[in-house]
Every structure is written in C-alpha cells, then in structure tokens.
Amino acid sequence: MMMMSQVTRIGFVLIVGAAASSTRPVATSAQTDFDRAAVDAVFSDLTEFPAPGCALGVVRDGALVYGRGYGMANLEHGIPITTESVFRIGSVSKQFTGAVVAIAAMEGHLSLEDPLRKWIPELPDYGQPLTIRHALNHTSGLRDYLTLMRLRGLRGDDFYTGEELIAVQVRQEELNFPPGSEYLYSNSGYFLLTEAVARAVGKPFREYAEETVFGPLDMIHSHFHDNHDHIVPLRADGYAPLGEDGFRTSMTTLDMIGDGGVYTSIDDMVHWVHALSTDGLRPGLSAMLETRGVLTSGEQIDYALGQRHSEYRGLATVGHGGSFVGFRADVLRFPSERTSIVTLCNRADGNPSARSLAVADVVLADRLGPS
C-alpha cells in the first residue's frame, strides 16, 4: 500500500501540473472539420467571471479531436478546469458498473440470471426471482435508496453507511412491482450489484473494477470512490449556486458506489468511449452492454446495462447522464458517426446534457437531420 507521504507528494506534483496547464483547447492530429468557436460559444456563460464550469471532450475514432476546460476546478485556489481535471460523474458511473458485472459473468463468477438473493441472502424473498439483469435494467422493482433515505430526513451531503443502506433495503417487505414487469429507475439495484460482485469474486468491487476496466484501459485517474477520505489528485470540487451570492461547496461523504461514485477525467473517458465503440475491452462485451432490457410482456425498453438508447435529429445515440451533489455529467455517443461527446461539470446548474446536444449540433452539423 502506498504510504500517505507518497500520496501527498504525487498529488502535489499533479496538482501543480494542473494549475500550470492552460485551459486553451487541446486538439490531436485528427482533423477537426467543425467550427471550434461555435463549440466554445456553448460554454461562454461559464467563463465570464471566476466560477465553476465544465470540461468538454469530443472524441472521434478514439482520438480527442477537441478538448477544453471552461471555468474553475477549485475556486479557493484559482485552479482552472482542464481535460485532466477529475470529476465525480454521478449516474454515468452505471455504465462502468454494468461493464464490471458483465465481465464477472464472462469470467464465470456469477450469471446475469442469478437471483440477487443468491449473493445477498439477507434480502427478503419477494416471491419471484429478482435477478441481476433486472437490477441492471431498472426492472427490479426495488425502491430507490436515495428516496428511502430522504424519507428518513437524510440528504446527499449527510452521512450513512452501506450497511445501513442494506438494512433499510432488507426492511422493505414489498417491491414496487413484480420483477421484470415494469421499468422504474432505482439506484438501489446498482448499489446492491457492487455487493453481489464483491461477494462473488472475493474482493472489494473497487479493486475488481481496477483490475478489469480502469487498469486495462489505462484510465490512470479513474476509480470507484468507496472511501470519502481518499485523496484524489487533480480533483475538481463540486459547487452549488447561491444566486447572486456566488457558490457554495457541494460535496458528499457517502461511500456508496455502483449507482454512482466514479471519479474520472476527459482524458480518461477518451479510452472508455473508444473501448465501447470498438468492443476494445473484452470481445462481445459492448454487445452485452448495449442489449436492451425486455419486460415480461415482451416489450423492449430503451435501457441497457447502464446506458440508454435514443436518437437525436435522426441519428441513433447511446448515452447516460449523471447528477449528484455539485457535479453533473453526460456521455453521448453517436455510433454511426464514430463520435462521442463527453461533458463533465462541477456545478449543480451545469446542464451538461443540453450542452452535449448543442455541441453535437456543431460537430455533426452536416450529418444531423432537421432540428
């Protein structure tokens, strides 16, 4: 284990490097056949005065064709956002969880058709099998833990443990509906999946994710944040607006992961979206991750193991948004165009999904249909 003095020293070097780096746009050797000034205009409101903002990455064929930071990663020290800045990405984390669960199934540790109770036997018997696949596709019927905790008077910046969360889930004598019969977004399923995988593989979920996803993809600044005391080099702080009074810090001490909890950067996300687009992590994995859920009625839903199928102006998209405390994130992929747009924000009003679509209007102007 790395000693604290080593962590501090490495973190100091990286943070100094980030502060010294410019927020000027980063472009690779790949050609950028779009109006960069028009892209910058999508974020112009974030650079009018020192304030938190967003980082953007436009990825094409595995290359960062345009990357830039807009605004500040840390208001107290005046550190600008760059493509190296590390953000909490909220529910965008679910696609990483889906990948780790799918790899665990590929390696024979578990099956997506396993009842969740096989690995978490303390859960109630709801009379019908509630499978891992149900949890992945939000068709489990599990009540969302953030809602349950809010009913107890707890918020995202309050503290409670994973053990407390499981205890609350165990006390739920009923589901919202029979597993597989409906779609209803539930963070509980994704948190419970991390516990199931940890028990199946015999090691913490964070470690297994590092071994199977972040390490192989050389995502050196990415991890599942299961310890709020963990030092994160290059981290952007989260902020919430206070109207005319500026901003307040908006972070969390919660250690739950799976439904969220991933920290990553634009530079690292280049590797991730390229791996998804090319099936570059494990043969057959991308197809698994993009297989839409099917209800017991036979109806196909848009959700697929942490990603959502949709379309924008005539082009098919695969993506997901994220929102927690002072962070907002969006990953939008256009498979037919081999183009992805990643927007990571450290302000609660960042609205990255709308900004990603606005960037797409510029980057794919000659490919999109009528607005």
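Visitor: What makes the crossing of H3 and H9 left-handed?

Guide: The crossing of H3 and H9 counts as left-handed. This is a predicted model, where local features need pLDDT of at least 70 and side-chain atom pairs 80 or more, while totals for chains, interfaces and linings use all residues. Residues are numbered from 1 along each chain as its sequence is written, and side-chain values use heavy atoms, without hydrogens and water.

Visitor: Why are H3 and H9 called oblique to each other?

Guide: The axes of helix H3 (residues 93-106) and H9 cross at roughly 55 degrees and come within 13 Å. Helices are DSSP runs of H or I with at least four residues, numbered from the N terminus. Axes are lines fitted to C-alpha atoms over the stretch in contact, with angles from 0 to 180 degrees between N-to-C directions. Under 35 degrees is roughly parallel, over 145 roughly antiparallel, 65 to 115 roughly perpendicular, and the rest oblique. The angle of roughly 55 degrees therefore makes H3 and H9 oblique.

Visitor: How do you know which residues of H3 and H9 make the contact?

Guide: Contact means heavy atoms within 4.5 Å. Here Gln95, Phe96 and Ala99 of H3 meet Met269, Trp272 and Leu276 of H9. Five of these contact residues are nonpolar, one is polar and none is charged. Nonpolar covers Ala, Val, Leu, Ile, Met, Phe, Trp, Tyr, Cys and Pro; charged covers Asp, Glu, Lys and Arg; the others, Gly among them, are polar.

Visitor: Why are H6 and H7 called oblique to each other?

Guide: Helix H6 (residues 162-170) and helix H7 (residues 187-201) pack at about 120 degrees, with axes 11 Å apart. H6 and H7 are therefore oblique as well, and the crossing of H6 and H7 is left-handed.

Visitor: What makes a space count as a cavity?

Guide: On a 1 Å grid over the protein atoms alone, a 1.4 Å probe fits there but cannot get out, and lining residues have an atom within 4 Å of a point. The whole structure has one cavity of 30 Å³ or more. Trp272, Ala275, Leu276, Leu281, Leu285, Ser286 and Leu289 line the largest cavity. Helix H9 (266-278) and helix H10 (285-289) each give two or more residues to that lining. By class, the lining has six nonpolar, one polar and no charged residues.

Visitor: Which residues lie nearest the centre of the second largest pocket?

Guide: Phe191, Glu195, Asp226, Asp255 and Ile257, out of 17 lining residues. A pocket is an open set with protein on both sides within 12 Å along at least five of seven lines. H7 supplies the largest share of the lining, four residues.

Terms used. A crossing is left-handed if the near helix is turned anticlockwise from the far one by less than a right angle, and right-handed if clockwise. Grid points are joined across faces, edges and corners, and a volume is the space filled by probe spheres set on the points.
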